Amino acid sequence: MDSTACLKSLLLTISQYKAVKSEANATQLLRHLEVISGQKLTQLFTSNQVLPSECLSCLVELLEDPNISAPLILSIINLLSQLAVDIETRDCLLSTYSLNSVLAGVVCRNSTCHNDSVFLQCIQLLQRLTYNVKIFHSGANIDELITFLIDHISQSPEDELTMPCLGLLANLCRHSLSVQTHIKALNNVKSFYRTLISFLAHSSLSVVVFALSILSSLTLNEEVGEKLFHARNIHQTFQLIFNILINGNGTLTRKYSVDLLMDLLKNPKIADYLTRYEHFSSCLNQVLGLLNGKDADSSSKVLELLLAFCSVTQLRHVLTQMIFEQSPSGNTIMGSHSKCLEPTMALLRWSNQSFNGSENCSILALELFKEIFEDVIDTNNSSVADRFVALLLPAILDHLQFTEQNLDEALMRNKCERMVKAIEVLLNILYYE
C-alpha cells in the first residue's frame, strides 16, 4: 500500500470509529495505528500536505474525547511520540494542534481513574514537547496539569511517574514567568520546596537535576534560593551540577544539567562565583573530555555550555588556555590518536562532521573556534596559538569549498551558515597574525 492509500485508509478508519464507537471499529483503528508505528511510516506525516494534516487533526481530536479507551489513547500517543522526534514536526504539533493542552487534558481526565500507563506515556510525551519551549500558564488545562504534577511529586512514596513529572515541571517553569508566579502563589509552596530540596540527595542524578532546575527557576531570587545559591553554598551547588553533567546517565540528564548551568551563568553574581570556583579547571577538563563521545545531541549540549562559558571573559580565557596547552603539533593527522582525543582534535572532528545529523555540532564548534581567537586577540597572547593555527587552518579552508551536490534547502542553508562561521574564524586568525 502506497503512502497516500495508507493515509486515506487511516482517515477512513478514524471516521468509521467516530461515527460508531464499537469495539470492532476501535480494534480496526488500533490495527492501523500499530501498522504505521511498527513499520516506521511516521515520515508520511512530516509534510505539510492536506491529507497528513487532516489525519493528525483527527488523531488529536480523538484524544480530546473523554470516552476514548486507554489502549487507543496509548496507541495514538505512541505514534505522536515517534513524530515528535523530528523538531519541525514537534513545533507543528505544539503550534498548529495545541497538543500540549490536549495532553494536559488527558492527564487531568485520567487522574480520577488512575491509569498509570496513560499517565506515564502522556507525561513523557509532554516532557519531550515542552523541552526548551515557553508554555503560558493561561493555556487550556495547564493550571490543572501543574496542580497534578505538584501533588504527585509531593506524594510519598515516589513511583515511576515521579521522575517524568519532575522533568515536565522543570520545562514548564524554566522559561515561563507566569507559571513561576502561579506556583509561588500556591498555599503549599513552602512544603513543595522542602520536597524538592529532599530530592537533591536522591540516588538518581536525573531526579537531582530536575529538582535543582525547578528550584533555580522558582527561588533564585527568593529566601530559599539564597541558601542554595549563596556564596557559602554555591561551590557545593557547582560541584553537584558538574557531577551530574560529567557522570549523568544519558543525554537527557546532560541536557538538563547544561541548561541549568547556562541559566545560572546569566546571573552576574553566580557567574562571578564560578570564576572563583577552585575546581573549575578540573571540571572544565572533564567537560572537554565529553566531546570524545559519538552522540551528536550530547556533544551539541556540551558545545553550548562551552560557548556559555565564553560569555564570561575570565572563563573564556581559562578555556582558551586549556585548549592551547593540550593542542597537538601542527603535523598531526586526524584519526591517528587514541580514543581519548585532545580537545582540539575533538573540536575539529565535530566541526568537520558531514551532513548526517551533526550539522548543529559543526556550527557550534566553529563558533567556539571564533571565541578562542577573540580571546587571543583580547589578551594579545598570539605566541601560544601557533601550533593551534597550523592544525586548524586546513580544516577552516576546507569549509570554504563548495563540493557538495544536490543539497536540499535545509542542508544548503546549513552549508552556507558553516561557510559564514569559517570566514569569521579566518578573519580572527588573520587579525591576530
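Student: How do the residues lining the largest pocket divide into nonpolar, polar and charged?

Tutor: The lining has 15 nonpolar, 11 polar and 13 charged residues. Ala, Val, Leu, Ile, Met, Phe, Trp, Tyr, Cys and Pro count as nonpolar, Asp, Glu, Lys and Arg as charged, and the others, Gly among them, as polar. This is a predicted model: local features need pLDDT of at least 70, side-chain atom pairs need 80 or more, and totals for chains, interfaces and linings use all residues. Side-chain values use heavy atoms, without hydrogens or water, and numbering runs from 1 along each chain as its sequence is written.

Student: Which element gives the largest share of that lining?

Tutor: α23, with 6 residues. Helices here are DSSP runs (H or I, at least four residues), numbered from the N terminus.

Student: And the second largest pocket, which element gives the most there?

Tutor: α11, with 5 residues. The lining divides into 6 nonpolar, no polar and 6 charged residues. Lys184, Tyr193 and Glu222 are among them.

Student: New topic. At what angle do α1 and α2 pack?

Tutor: About 155°, with axes 9 Å apart. Axes are lines fitted to C-alpha atoms over the stretch in contact, and angles run from 0 to 180 degrees between N-to-C directions. That makes α1 roughly antiparallel to α2 (over 145 degrees).

Student: Which residues of α1 make the contact?

Tutor: Cys6, Ser9, Leu10, Thr13, Ile14, Gln16 and Tyr17. Contact means heavy atoms within 4.5 Å.

Note on methods
Helix = DSSP H or I, 4+ residues; strand = E, 2+ residues; numbered from the N terminus. Parallel < 35°, antiparallel > 145°, perpendicular 65-115°, else oblique. 1 Å grid on protein atoms, 1.4 Å probe; cavity = no way out; pocket = protein on both sides within 12 Å on 5 of 7 lines; lining within 4 Å.
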